[in-house]
Amino acid sequence: MKINPIQNNAIQSYKVGRVTAPGKAGTAGKLDEVSFSAEALSFSRTLAEVREQVEVRTPAETAHFDDVAARVRSGQYSISGSAVAEKIINSIISE
């Protein structure tokens, strides 16, 4: 099997925003664009509302999650690899 080399000029032209198809003029400075339909946006909002209603946490749980998140952000939270492995093995064994 023969693998053809990547044409570096095609990659470079994409990086600068001037992707050109064979036989077509480039579009200098044009950026990729995404748009969502009204139905997709409505679905996304509805899904977020349902998740908020389903994920009810006690004040103690919320405080615990906030504490862990703060420790992760500050770099003070670490987990032992052996503790993680033990939890994984125990979850498999208990199935």
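Predicted model: local features only at pLDDT ≥ 70, side-chain atom pairs only at ≥ 80, totals over all residues.
Helices here are DSSP runs of H or I with at least four residues, and strands are runs of E with at least two, both numbered from the N terminus.

Residues are numbered from 1 along each chain as its sequence is written, and side-chain values use heavy atoms, with hydrogens and water left out.

Of the 95 residues, 3% count as buried, meaning under 20% relative accessible area, where exposed is over 50% and partly exposed lies in between, with a 1.4 Å probe and protein chains only.

Turning to charges, the count comes to 1 salt bridge, defined as a side-chain nitrogen of Lys or Arg within 4 Å of a carboxyl oxygen of Asp or Glu. The partners are Arg-71 and Asp-67, whose closest N and O atoms are 3.2 Å apart; they sit 4 residues apart in helix α3 (residues 59-74), and so are separated by about one helical turn. Arg-71 is partly exposed at 33%, and Asp-67 is likewise partly exposed, at 39%.

Finally, helix α4 (residues 81-93) contains Val-84, a residue that is partly exposed at 37% relative accessibility.
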